Every structure is written in C-alpha cells, then in structure tokens.
Amino acid sequence: MAKGNGNGKVLAQNRKAFHDYFIEETFEAGLVLTGTEIKSMRKGSVSMRDAYARVEHGEVYLHNMHVAPYEQGNRFNHDPLRTRKCLLHKKEINYLYGAVREQGFTLVPTKVYLKNGFAKVELGLAKGKKLHDKRESMKKRDASREIQRALRERQKG
C-alpha cells in the first residue's frame, strides 16, 4: 500500500489524533477542492480539530475540516465545513473499508500539506487509546525529555 511521506509545506496538523489514537498506518490522499478553498488553504487558514474521514459508497470523504472563507472570494466562496472527497486508488479504498469495517480501525486525518502545488491529506488508520494508554504515552514522553535534557547538560559540562 502507498504510504504518505508528507514532504512539502505542512498547512495543518492534527496533534490531538496522536494523543487519542494509536496510528498504525498512514496513507496519502489528494483532496477535491474549489478555487477559493485552495487559495484559503495556501494562506494557512485550515483547522483539523474535529476532522474525521469515512468510507461511503466506495469513496473516502473528509468531514468537519474547517477551511476559512477566502477574503476576496465574494459570492463564489465555499462552505467552511463542507464534506470533501479524498482521492485514493480503489485498492487502497477497499483496504481501508475492510480495516474500518472488520478490524475496528478509525480513519483519522493527521495532517494537510502542499505537495507539488496540490493539497494532500495524510490519513491514519488508527485504534483508539484508553485512558491508561494515554497516561503511559505521557510518561514515556516525559522520560525521553528527561533523558534528552540530561544528555544536553552532560555535553555542556
């Protein structure tokens, strides 16, 4: 399966996704956008706070991603919270559908970026974390920070 590598200008990241889910696999998907949406995204007016993806009728759709209206868009402006279609290969869509349906995974957008002038979204195949998992990952993160801090101090002195 094609993995998303995310090289390009990152427009928005969903940090909450890494806190709430174990991201098992990532996929790069194109986005179907209107003219004012891509102009607004290039300015960085994107929020992925409550965004999620869903497989519907053999296609993947991105819900609740907020793209602010373009200032010079006048009457041609878009709806900020509209559902956007993700562009993936049929094999990838079938794989994602099977994982979500049978294995209990969730499709979570992790970041939106520009690659060769096109807007891309990185979709993560994720399992939900329980409260004790979140605490454990916070402990690991704190421990690694302490180790890094100790190494820096040792190199200085």
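**Entry 1: burial and surface.** I looked up burial and found that buried residues make up 38% of the 157 residues in the protein; buried means under 20% relative accessible area, exposed over 50%, and partly exposed in between, with a 1.4 Å probe and protein chains only. I note that this is a predicted model, in which local features need pLDDT of at least 70, side-chain atom pairs count only at pLDDT 80 or more, and totals for chains, interfaces and linings use all residues. Residues are numbered from 1 along each chain as its sequence is written, and side-chain values use heavy atoms, with hydrogens and water left out. The protein exposes about 10100 Å², of which carbon and sulfur atoms supply 49% (Shrake-Rupley method, 1.4 Å probe).

**Entry 2: extent and contacts.** I recorded that the C-alpha atoms fill a box of roughly 60 × 40 × 30 Å along the principal axes. Of the contacts between residues at least 6 apart in sequence, 68% join residues at least 24 apart; a contact means heavy atoms within 4.5 Å.

**Entry 3: secondary structure.** I found 4 helices and 9 strands, both taken as DSSP runs numbered from the N terminus (helices H or I, at least four residues; strands E, at least two). Along the sequence the pattern reads β-α-β-α-β-β-β-β-β-α-β-β-α.

Entry 4: I traced an open sheet of 7 strands in the order 1-8-9-2-7-5-4, with antiparallel pairing; two strands pair if DSSP finds at least two bridges between them. Strand 1 (9–13) and strand 4 (52–56) are the edge strands, each pairing on one side only. Neighbouring strands of this sheet are turned by 40° against each other on average, direction ignored, with axes as lines fitted to C-alpha atoms and angles from 0 to 180 degrees between N-to-C directions. I then examined strand 2 (residues 21–31) and strand 9 (residues 118–128), which pair in the antiparallel sense over 9 bridges. Within this pairing, A29 has V121 in strand 9 as its bridge partner.

**Entry 5: two asparagines.** I checked backbone angles, given that most residues other than glycine have a negative phi. N64 is not a glycine, yet has a positive phi of about 65°. I located N64 in the loop between strand 5 (59–63) and strand 6 (66–67); N64 counts as partly exposed because its relative accessibility is 35%. N116, likewise not a glycine, has a positive phi of about 55°. I located N116 in the loop between strand 8 (106–115) and strand 9; N116 counts as exposed because its relative accessibility is 71%.
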